[in-house]
Amino acid sequence: KNANYKPRPEAPDGFWGGKTAKLDRIEWIYIPDANTQVQALIRGEVDVIEIPAVDLLPLLKRTPNVKVTVMDQMGSQGFFMLNTQAAPLDKPEVRQALAHIVDQAQFLTATIGNPDYQKPCLSVMACGSPNESTAGTAPFAKADVAKAKELLQKAGYNNEPIVLLDPTDQHILHQMAVVMGQLMRDAGINVDLQANDWSAVVTRSVRGDKPGPGSPGWHLHPTWAPARVVGSPLTATQLRAPCNTTTFVPAPCDQELEARKSRFFSAATPADRKAAMDSLQERFYQIMPYVVTGQFLAPKAWRDNVTGVVNASEFVFWNVEKK
């Protein structure tokens with residue numbers, strides 16, 4: 001709490017309004033195991049869990065003094081970031097092959113496992129957003145391992161190891177990595193599944209090292225982002241293909257995708273914007289800068305002695321008190 005900070009003199013409203021700090025101190029405690037997180041909340045050792053494991057929600061809902069709420073009704077989009085600068089993922093056919101092996105239902109069942117909190121979604125700009133689109137998605141509506149193998153052969157893939165980073169301390173991302181690893185093996189891809197904690201994945205992902213023995217280089221890793229962020233090309237930072245520009249993650253160079261993004265930004269009418277979005281998404285599925293795995297809801301959980309929680313899409317700590 002900063003005594004020198006002066007909030008706006010109005011009631012809080014989501015991310016807007018007055019942000020009054022009513023707690024002297026907030027502690028973030030790192031607990032990698034999902035069951036340990038839940039037990040800590042039940043025992044009152046922690047007050048809030050940002051993303052409890054969905055399979056443990058029934059236990060939390062049966063627990064007195066614990067509240068479970070979906071704050072972000074749009075949810076989040078899961079996807080695999082691809083290092084398009086590293087062979088063989090520098091070839092769009094290989095990236096398309098990865099998309100063809102994806103069965104979103106498998107990913108959602110493994111990571112969420114509850115139809116109330118999940119839905120398949122191939123729209124790059126998130127389902128439920130104003131920019132939702134079906135353009136270009138038809139070939140990827142169902143997994144097609146035969147097509148994936150055909151594309152791999154066309155690209156000249158010769159059993160080179162592909163490094164898949166597995167964030168074992170993040171239950172959603174870990175399950176995504178496990179599923180993807182098996183699907184890749186089923187398609188005849190030589191998978192080098194490397195276990196890391198999430199901080200190591202982030203550190204490695206921003207480097208441009210060439211994958212190989214003893215190298216921190218990588219080919220793909222799972223992640224996710226709120227649908228409200230990936231709902232527009234303006235805020236979806238992973239949707240980029242700049243040329244002659246340094247980015248924080250190795251991205252493809254594709255002037256056509258960037259041009260179609262510009263046409264979206266300059267669209268003068270809703271009809272023009274819709275046409276530009278469809279065109280942008282069609283190009284996305286041609287070059288496949290990353291692979292989408294579906295959309296899910298992530299409930300929050302907190303003890304009922306925590307009050308004043310603001311109705312925002314995330315758990316924010318202004319206006320919050322603890323009895």
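**Ground rules.** I number residues from 1 along each chain as its sequence is written, and I leave hydrogens and water out, using heavy atoms for side-chain values. Because the model is predicted, local features need pLDDT of at least 70 and side-chain atom pairs count only at pLDDT 80 or more, while totals for chains, interfaces and linings use all residues.

**Cavities.** I looked for cavities, meaning sets of points on a 1 Å grid over the protein atoms alone where a 1.4 Å probe fits but cannot get out, and I found three of 30 Å³ or more. The largest cavity holds about 70 Å³, where volume is the space filled by probe spheres set on the points, which are joined across faces, edges and corners. Its lining residues, those with an atom within 4 Å of a point, are Ala99, Val102, Gln104, Leu122, Phe140, Phe284, Tyr285, Met288, Val291 and Val292. Helix H10 (270-287) and strand S8 (290-296) are the elements that give two or more residues to this lining; helices (H or I, at least four residues) and strands (E, at least two) are DSSP runs numbered from the N terminus.

**Helix H10.** I then followed H10, which has 18 residues and reaches 26 Å from its first C-alpha to its last, close to the 26 Å expected at 1.5 Å a residue, the expected span being 1.5 Å times one less than the number of residues. Its buried residues (under 20% relative accessible area, 1.4 Å probe, protein chains only) include Ala276, Met277, Arg283, Phe284 and Tyr285. Among the elements covering the buried residues of H10 are helix H3 (92-100), helix H9 (255-266) and S8. Just after H10, Met288 takes a positive phi of about 50 degrees.

**Disulfides.** How many disulfides does a search of the whole structure find? I found two, taking a disulfide as a pair of cysteine sulfur atoms within 2.5 Å. One joins Cys121 to Cys127, with an S to S distance of 2.1 Å, and the torsion about its S-S bond is about 100 degrees, so this disulfide is right-handed. Cys121 counts as buried at 2% relative accessibility, and Cys127 also counts as buried, at 11%.

In the other, the sulfur atoms of Cys243 and Cys253 lie 1.9 Å apart, and the torsion of about 100 degrees about the S-S bond of Cys243 and Cys253 makes it right-handed. Cys243, at 19% relative accessibility, counts as buried. With bonded cysteines counted along the chain, I noted the pattern 1-2, 3-4.

Conventions:
On a 1 Å grid over the protein atoms alone, a cavity is a set of points where a 1.4 Å probe fits but cannot get out, and a pocket is an open set with protein on both sides within 12 Å along at least five of seven lines; lining residues have an atom within 4 Å of a point. Buried means under 20% relative accessible area, exposed over 50%, partly exposed in between (1.4 Å probe, protein chains only). Contact means heavy atoms within 4.5 Å.
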